[in-house]
Amino acid sequence: MRPKNPSSNDKTPAAEGLLFPLPERVPEDIKLPRLRHPVWTEHKANLIARYLYYFVLITKHGTYIDGFAGPQRPENPEMWSAKLVLESEPRRLRHFYLFDKSENQIRRLNALRHSQPKVRGRTIQISKGDFNSKVRELLRSGQIKQTEAAFCLLDQITFQCHWETVVLLASYKTPKRPKIELFYFLAAGWMPRSISAVKQRQT
Ligand SMILES: C[S@@+](CC[C@H](N)C(=O)[O-])C[C@H]1O[C@@H](n2cnc3c(N)ncnc32)[C@H](O)[C@@H]1O
């Protein structure tokens with residue numbers, strides 16, 4: 001609020017139209033240096049790799065599905081979940097299904113595949129396109145056995161992963177089998193901005 005009457009001699013907050021006294025000078029914003037890596041991106045990749053490390057210790061095998069697999073920070077491949085999981089020891093995950101809709105990201109995924117040592121029995125499939133439709137084809141093909149332990153990373157940017165896709169993955173296994181484990185990332189920090197950018201309003 002601006003002072004009501006700046007020329008008045010009464011300098012009390014009320015006379016100046018203020019609720020409470022303000023300091024003479026508002027300190028400037030404190031500037032912190034930029035972090036070397038975005039903390040969350042780095043922790044996210046490590047969390048997933050660590051989780052899968054324990055996962056294979058129990059299952060001794062497994063399938064890894066990554067719906068949005070291209071690197072978020074191509075310049076920092078050590079923060080790339082698919083890379084960390086592929087390189088995680090012991091290399092017990094047998095089948096990898098990596099999806100991305102971007103041509104450039106597919107190129108990076110192919111380069112990652114080529115950089116990997118041969119592991120007996122291990123397959124790495126890379127598919128270009130919208131994960132929501134591509135995963136439907138994968139599940140319909142029956143390539144993922146009911147007996148296969150499976151994990152699926154849904155590391156979308158905002159709302160790219162449709163809820164029907166989550167339902168489809170969650171209901172793929174018969175009730176007697178352990179479900180495909182889902183890691184669904186919701187960009188909670190960006191939610192207000194993301195929602196306000198949505199043009200299509202459904203009731
Ligand atoms: C947040 S990044 C993934 C980050 C990655 N998991 C990592 O560890 O660095 C999201 C990726 O999803 C891809 N993408 C966006 N929409 C998609 C869609 N509908 N289907 C498949 N990939 C998509 C983008 O090209 C991008 O590579």
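Me: Which residues lie nearest the centre of the largest pocket?

Reply: In general, one works on a 1 Å grid over the protein atoms alone: a pocket is an open set of points with protein on both sides within 12 Å along at least five of seven lines, a cavity is a set of points where a 1.4 Å probe fits but cannot get out, and lining residues have an atom within 4 Å of a point. Here the largest pocket has 35 lining residues, and those nearest its centre are Lys44, Gln72, Asp155, Gln156 and Ile157. Two or more lining residues come from each of α1, α2 (81–87) and α4 (131–141), and α1 gives the most, namely three. Helices (H or I, at least four residues) and strands (E, at least two) are DSSP runs numbered from the N terminus. Please note that this is a predicted model, in which local features need pLDDT of at least 70 and side-chain atom pairs count only at pLDDT 80 or more, while totals for chains, interfaces and linings use all residues. Residues are numbered from 1 along each chain as its sequence is written, and side-chain values use heavy atoms, with hydrogens and water left out.

Me: How much space lies in the largest pocket, and how do its lining residues divide by class?

Reply: A volume is the space filled by probe spheres set on the grid points, which are joined across faces, edges and corners. For the largest pocket this is about 800 Å³. As to class, Ala, Val, Leu, Ile, Met, Phe, Trp, Tyr, Cys and Pro count as nonpolar, Asp, Glu, Lys and Arg as charged, and the others, Gly among them, as polar. The lining of the largest pocket has 16 nonpolar, 12 polar and seven charged residues.

Me: What takes up the space of the largest pocket?

Reply: A molecule sits in a pocket if more than half of its atoms lie within 2 Å of the grid points. The ligand takes the space of the largest pocket.

Me: Which side chains place an N or O atom by the ligand?

Reply: A polar contact is a pair of N or O atoms within 3.5 Å. The side chain of Gln105 has such an atom 2.8 Å from a ligand oxygen, and that of Asp130 has one 2.9 Å from a ligand nitrogen. Taken alone, the ligand exposes 600 Å², of which the protein buries 92%; such areas come from the Shrake-Rupley method with a 1.4 Å probe.

Me: How many cavities of 30 Å³ or more does a search find?

Reply: The search of the whole structure finds one. The largest cavity holds about 40 Å³ of space, and helix α1 (residues 39–59) supplies three residues, the largest share of its lining. Pro90 is one of the residues lining this cavity; the peptide bond from Glu89 to Pro90 is cis, with omega near -5 degrees.

Definitions and conventions. Polar contact = N/O pair within 3.5 Å; in protein donor to acceptor, adjacent residues only side chain to side chain.
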